[in-house]
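Let's take a friendly walk through this structure, one part at a time. Have the sequence and the 3D view open as you read.

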Amino acid sequence: MTTMQASNQTPRWERLRSYLSRSGSLYLMLIPAIIFLAIFHYYPMYGVVIAFQKFNPGLGFDKSPWVGWYNFEYLFAIPDLWDILRNTLVIAISKIVLLQVAALVLALALNEVRSIFFKRAIQITIYLPHFLSWVVLGGILIDMLGSRGLMSSIFRSFGFDPIMFLGSNETFVPTLVITNLWKEVGWSTIIFLAALTGIDPTLHEAAAIDGASRWQRILNVNIPGIASTIILITCLNLGGILNAGFEQILTLYSPAVYQTGDILDTYVYRAGLISAQYSLAGAIGLLKSVMGLILVVTAYWLADKFSGYRIY
Amino acid sequence: MSHQTKVSRRDFLRLTGLTATGAILTACAPQATAVPTTAPAAPTKAAEPTKAAAVEPTKAPVATAVPPTAVPPTKVPSLKAADYVTAKNLPGSPKNPRGWTTNLPDIPQSWLGKKPITISVTRRVDTGTQFAEGDTLENNPFSRMLGELSGITFKPAWTWSTPDEANTKYNLAMASKQLPDYMETVPPAIFLQMAEAGLLEDVTDAIDKYASDTWKKVWKEYGNQVWTWVTYKGRKYGLPYASNANQNDSVLWYRKDWLDKLNLKVPKTLDELHDVAVALSKSKLGKGEGGLTVGLAATKNIYHTWACDLSPIWGAFGIIPDRWSKEGDGLMFDGIRPEAKKALALLAQWYKDGVFRKDFNNIAEGDARNDGKGSINGLHFTPSWGATVETYQNDPKTVWAFADIPTGPDGKKGKFTESPFTANPYCFRKGVDPLVVQRVIEVCNWLIELREDPVKRFHGWENNQYKFTADNKLDAKFASWVPHAWMIGPVGSRGDGRGDPQTTAKGIKYFMSEWPKIAADKQDAWQETYLNDPIGVNKLSRESTVFIDETKASGMATEFRALPTATMQLKGTDMGKLMDTAYISIITGQKPVDEFDNFVKQWKALGGDQVTKEVNEWYKANK
Amino acid sequence: MIESRSWSNRLFNILNHSLLFLFAFLCVLPLWNVFSVSLSGRAAADGGFVSLFPVNFTIDNYTEIFRAGVVYQAFWISVQRTVIGTFLNLVLVVLTAYPLSKTVKEFKGRNALMGYVLFAMLFSGGLIPWFLVINQLGLINSLWALILPGIVPIWNVILMMNFFRDVPQELDEAAVIDGASHWQKLWYIYLPISIPALATITLFAAVGHWNSWFDGMVLMSNNTQYPLQTFLRTVVVEQNIQSLGIDMSVMEQISNRAVKAATIFVSTVPILLVYPFLQRYFITGIKLGSVKG
């Protein structure tokens, strides 16, 4: 009773002072980040106005003519826009989902390897494709999947007519997704492996004592143990839902597969070859950011509502 | 008292200036070592008479109280370049018994005195831009020589290697208001933006005043097409860039040894070409896996491209799909002409018959050429560089040969060609010192004279563009094709720009007619290497260049030579996508040939009619 | 941890190991091919005749890259930027993630600051304003242009924040009772426990720096100042000659598969050597056991 009265009577600045002496260093720690982000991220944000201008770098942001929603209207008036958007989403979502699942499976599998030597050897080899850029890898793939490549030889040796994976609309997107998977899955296991090391080994021991098989242990100990990481990664990846992999597609696509392979970024790229398209690109960028924001916030809210995880 | 001091100080400065000028003039007096006498038999051009020019006025001293120091008698200063360049910066190898002399052109009057001036530039670099030990883009034999001749220093503000990089950097330079004085190969879209934003200097008058007569003569010859890409609202905002004429015109290259083996004649018509290609594709003569042979090479750029191009096939029907050609008294887009449908039908049939690689629409020019290099491809349409040396290494029995492009069903033949004046303006930023513009144009004049007169024997600098081996022959590995990687301006820099687009053809004709006349033991190392061609690739390249020049009439250039019209900018991407998709789906058999009619309808509705109108407006105004 | 020696266990192991091996093999195969191409003669490489082993073995392709000498410079710039950049990244990640991992109770305004950090990751003003800022700060052409703009890797911050959150509360409370300040807690408790996470972040940051080429291209004027990836990519690999005028010597370089293959290795091998050094940090959090009992 007395304590409560006392705390009610503690002057605000007293409470403030004690709070600061406890947590003041936290604010201090954040100062560098706040400053750097302000300089390099927030200050340049005025550039989003480019989406509402007919931008000419020579005139700059202050003198380029203002066109309001024109760029967005132009965007939505593109004849194939819905195809392009559909392609973008299909490719992006397939990539995110499949990559995530495959990386998880691979990480779990690697985690089960007891021999350190084998584990490390496998790890370093599966990381390798990540280091190649698509500019380089694209050339290799075009060779390999082309009519003179390894895949064609295999088909021919079995007596089949080789399929042109990169040349037809039906096979282009699966090819994109699978090759992207091959390139990135190894690298994507790193996070999961790191998270797996954080699982309390006693849980495993307890499960083993209870007679659980390997499968059961994985399902009941490993996966729940890194559930928060899985959800986190998924949410972070959702921010990039409209980025379907410009570099990869630019390297591998051709007019024959525009129907399923042309995405927002490649369209804008081609437009930029005819005449400068800073404004259109800016409008699309803004759109992507807004969508990303919506998705990220939604994911956060969903994760919070349904599993109590607060990702951010 | 102070009065006295002022006058004598002024005197002193005047005298210093006088002595300094005198000293410089003495130093620049002709040296004995400049021009050696071991020049080869090629006739040297008569030296241009030194104009009896007025000597740069020396400041006449007012007060004669102080006796003047010995001033050398005022003489007409030499305009001979060789007089100003120190030996180590001279191109050519005059001292080498197997060397030659480069006859440098005279310098313009205004370079005397060598007023130092630094010009900031953008430079294009790539793997070919290599230097000897210690040299850099800013400090290399050319820059040193130029400095000694004129006092000009070109300082690179930034460099670029790919078009995307150029675009980005120009955009950023514009935005940060840090444009260099002189900008090389400005992309057309950027040029337009800069012009609209008022960032470019109007050089119409400067060009008129300073460009040399040689250069102007070429411009007159080519007419309107010269200024298309540098003109904005009637004024000129840059120097035009010209490449070699007919550089990208194709001929038919074929493997003679294969044709002979199969007893086939060189195809002269499209049908014959088809049959030969199909026969080759079935012949198993190629070194591909299981004898895989490709009949006719093709790439994803189906309208025309710099290697393995298909334009002769379109041309045989009288069209090039992406060009605008005369129709009545206006222009029409070739891609929607009925002839295009016929050509598409033919190509679709050819694709089915196996004339092309099944994945040709995915591969780039390098890959298609690699088939040729790997002795897998037997026929292709390529400009003068079609005979690849690697083929001989992969298959010693190789015999490359070239022939004229085939005729179509109506006896027509044609191929892609373009004006040598391409869209690569060389611009100056607004507000630049007028002297900069003057100097750059003068450098261009000088370079044209140097590089485009085969008699001048300009091959670069020793140990930079060429090296001598131990036994005093030219090091084959080290002889650069284009020895002018560091030069400045539209007539010398990377990309091999020209003053006169006919230079290469003229040069080849000259070398091939004059040099073989020289006795073998009297040839210098360069001549020997030029004429010595065991594999024969160089010979093929030269002969084909000459042949292309002689058959250039069959080239079909577009009549629309301007920056994209308003509707083109708006709808161009969509129209392009429509056309590319329609064409390739017809050729690969995914859609029937009649899809073409659909395409034409859609194209017109999408914006084709509007664009045609705009193009015709331009045409009427610019005929 | 005692492994059951049951049948199902052994089967699992065999399957697991074989599938992993197969996948690793698939990853290595194309790269092995590229390696062989890089050691092959140009004609054979261009013709596509190299599969698993070099044809007409030669090291000319590698000497070609190093002939220019500029490569060494580019390499050194990349090394500097990676080392300094990664270190600073790490510092900033830790300093930013730690406060954000605290609850609102303990850290008022935490949500707002989290929002501040997150929003910066999602929205961007585009290339030009970013460039103008860096230009105004006078960083163009300096090594710091490659380090400072990206000094707060937000994605990694969020990752680290989650790892910090997973540190058991008991450890934290015990330290508070002992009178530890935040700095001390961070240094003595959070960091040692999060070593695998820190190693992960370091790896990501290092690879990110090594592989990044765009900022080098835009923020450095001359190709002599480019970091390695930028240099190799613009000057060597990506030659698009369509609008640049044909140049025989350049053209032969473009289709030169062997040199391209060699550049791939030159640019990749150095960073690959980093990983083995970090591997030993990816260990199980043994310290966790110290909490119980």
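A residue is called buried if 20 or more other C-beta atoms lie within 10 Å of its own, exposed if 12 or fewer, and partly exposed in between, with C-beta atoms placed from the backbone. This is a predicted model, in which local features need pLDDT of at least 70 and side-chain atom pairs count only at pLDDT 80 or more, while totals for chains, interfaces and linings use all residues. Residues are numbered from 1 along each chain as its sequence is written, and chains are lettered from A and ligands numbered from 1 in the order in which they are written.

## Chain A overall

Chain A has 16 helices and 0 strands; helices (H or I, at least four residues) and strands (E, at least two) are DSSP runs, numbered from the N terminus. Its radius of gyration is 26 Å, well over the 20 Å that the globule rule gives for 312 residues, so chain A is more spread out than a compact globule. That radius is taken over C-alpha atoms, and the globule rule is 2.2 Å times the number of residues to the power 0.38.

The C-alpha trace of chain A spans about 90 × 70 × 30 Å along its principal axes. Of the 312 residues in chain A, 39% count as buried.

## Where chains A and C touch

Chain A and chain C each bring 69 residues to their contact, where two residues are in contact if their C-beta atoms, placed from the backbone, lie within 7 Å. On the chain A side, the helices that supply at least two residues each include α2 (12–42), α5 (81–111) and α16 (278–307). With 13 residues, α2(A) gives the most to this side.

By class, the chain A side has 44 nonpolar, 18 polar and 7 charged residues. Here Ala, Val, Leu, Ile, Met, Phe, Trp, Tyr, Cys and Pro count as nonpolar, Asp, Glu, Lys and Arg as charged, and the others, Gly among them, as polar.

## An enclosed helix in chain C

Which residues of α6(C) are buried? They are C:Leu127, C:Ile128, C:Pro129, C:Trp130, C:Phe131, C:Leu132 and C:Ile134. Helix α6 (residues 127–136) of chain C is largely enclosed by the rest of the structure, because 7 of its 10 residues are buried. Those buried residues pack against α2 of chain A, α3 (163–175) of chain B and α11 (214–219) of chain C.

After α6(C) comes C:Gly138, with a positive phi near 75 degrees. In the loop between α6 and α7 (154–165) of chain C lies C:Asn141, which has a positive phi of about 70 degrees although it is not a glycine. C:Asn141 is partly exposed, with 13 other C-beta atoms within 10 Å.

## Two details in chain B

Strand β6 (residues 238–242) of chain B is mostly covered, with 5 of its 5 residues buried. β6(B) pairs with strand β14 (residues 421–428) of chain B in the antiparallel sense over 4 bridges; two strands pair if DSSP finds at least two bridges between them. Within this pairing, B:Leu239 has B:Tyr426 as its bridge partner in β14(B).

Is B:Lys284 buried or exposed? B:Lys284 is exposed, with 12 other C-beta atoms within 10 Å. This residue sits in the loop between α8 (270–283) and β8 (294–296) of chain B. B:Lys284 is not a glycine, yet its phi is positive, at about 60 degrees.
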